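Welcome! Here is a short tour of one protein chain, written for someone meeting it for the first time. Please have a look at the sequence and the model below before reading on.

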Amino acid sequence: MSTPPKPLVKIPHRISGGGVSRWKTGKGFSLGELNAVGLNAEQARLLGIPIDERRKSMWPHNVEALKKWVTEVLEGKAQPPAPALPKVVKIKQKRGRAFRGLTAAGRRSRGLLSVKLRETHNYKYRKKAKEREQRKRHEATKGLGNLLRISKIVNSRK
């Protein structure tokens, strides 16, 4: 199995940096380059060719490299890689709340900035439940009112 060629794209150059154009390997071939070879996006994905749908530029050296590789595949000299399934990204469904604190300040105030999964609050609820069991939180005394407070004061004086 041989890998398809890497596309070369131009790095945007600054005049103050000398104005020299440089090349780097890109994310994928543009749709124009694929059309010049005679492929559409679906066929290219089946052949394992990376595609960058955002890129509009069309470079002749990319078209030549792609043509050369596709002819090798058609002649049987090279085998295309197995088509990969698209990556599935799991996103938690948003709950219908008026304010979820999606700004950085809102997340910081709710203690979510140091957590990898910023939308998950379960870690916080488990922490609160643990503190309630250890009687560290004010909710542990809720409902008992003055009775518990008075008994604590009386027991501390003894």
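Accessible areas here come from the Shrake-Rupley method with a 1.4 Å probe, and for residues only the protein chains shown count as cover. By that method the protein chain exposes about 12,800 Å², with carbon and sulfur atoms supplying 56% of it. This is a predicted model, in which local features need pLDDT of at least 70 and side-chain atom pairs count only at pLDDT 80 or more, while totals for chains, interfaces and linings use all residues. Residues are numbered from 1 along each chain as its sequence is written, and side-chain values use heavy atoms, with hydrogens and water left out.

**Overall layout and confidence**

- The protein chain has 6 helices and 2 strands; these are DSSP runs numbered from the N terminus, with helices being H or I runs of at least four residues and strands being E runs of at least two.
- Read along the sequence, the pattern is β-β-α-α-α-α-α-α.
- Buried residues make up 22% of the 158 residues in the protein chain, where buried means under 20% relative accessible area, exposed means over 50%, and partly exposed lies in between (1.4 Å probe, protein chains only).
- Of the contacts between residues at least 6 apart in sequence, 45% join residues at least 24 apart; a contact means heavy atoms within 4.5 Å.
- The average pLDDT, which is the predictor's confidence in each residue from 0 to 100, is 79 for the protein chain, and 74% of the residues score at least 70.
- Confidence is highest in helix 1, at a mean of 95, and lowest in helix 6 (residues 146-157), at 69.

**The nonpolar core**

- A nonpolar core is a set of buried Ala, Val, Leu, Ile, Met, Phe, Trp, Tyr and Cys residues joined through side-chain atoms within 4.5 Å.
- The largest one here has 14 residues, and those with the most contacts inside it are L34, V37, L39, L47, I49, L66 and W69.
- Helix 1 (31-37) and helix 3 (60-75) are the elements that give two or more residues to this core, and helix 3 provides the largest share, 5 residues.
- Leaving aside neighbours within four places in sequence, L66 is in contact with P5, F29, E33, L34, V37 and I49.

**Helix 3, face by face**

- The end C-alpha atoms of helix 3 are 22 Å apart, which agrees with the 22 Å that its 16 residues should span at 1.5 Å a residue; the expected span is 1.5 Å times one less than the number of residues.
- Which residues of helix 3 are buried? They are N62, V63, L66, W69, V70 and V73.
- Seen down the helix axis, these buried residues fall within an arc of 135°, so they line one face of helix 3; the arc is that of the directions from the helix axis to the C-beta atoms.
- The buried residues of helix 3 pack against strand 1 (8-11) and helix 1, while P60, E64, K68 and E75 are exposed on the other side.
- N62 counts as buried because its relative accessibility is 2%, and, apart from neighbours within four places in sequence, N62 is in contact with P7, L8, F29, E33 and R55.
- Just after helix 3, G76 takes a positive phi of about 90°.

- L31 lies in helix 1 and counts as partly exposed, because its relative accessibility is 35%.
- Not counting residues up to four places away in sequence, L31 touches A41 and I51.
- The C-alpha atoms of L31 and A44 are separated by 9.7 Å, with the two residues 13 apart along the chain.
- D52 sits in the loop between helix 2 (41-46) and helix 3. Is D52 buried or exposed? D52 is buried, with a relative accessible area of 8%.
- Beyond its neighbours within four places in sequence, D52 is in contact with K27, G28, F29 and S30.
- Helix 5 (residues 122-133) has 12 residues and reaches 17 Å from its first C-alpha to its last, close to the 16 Å expected at 1.5 Å a residue.
- Just after helix 5, R135 takes a positive phi of about 60°.
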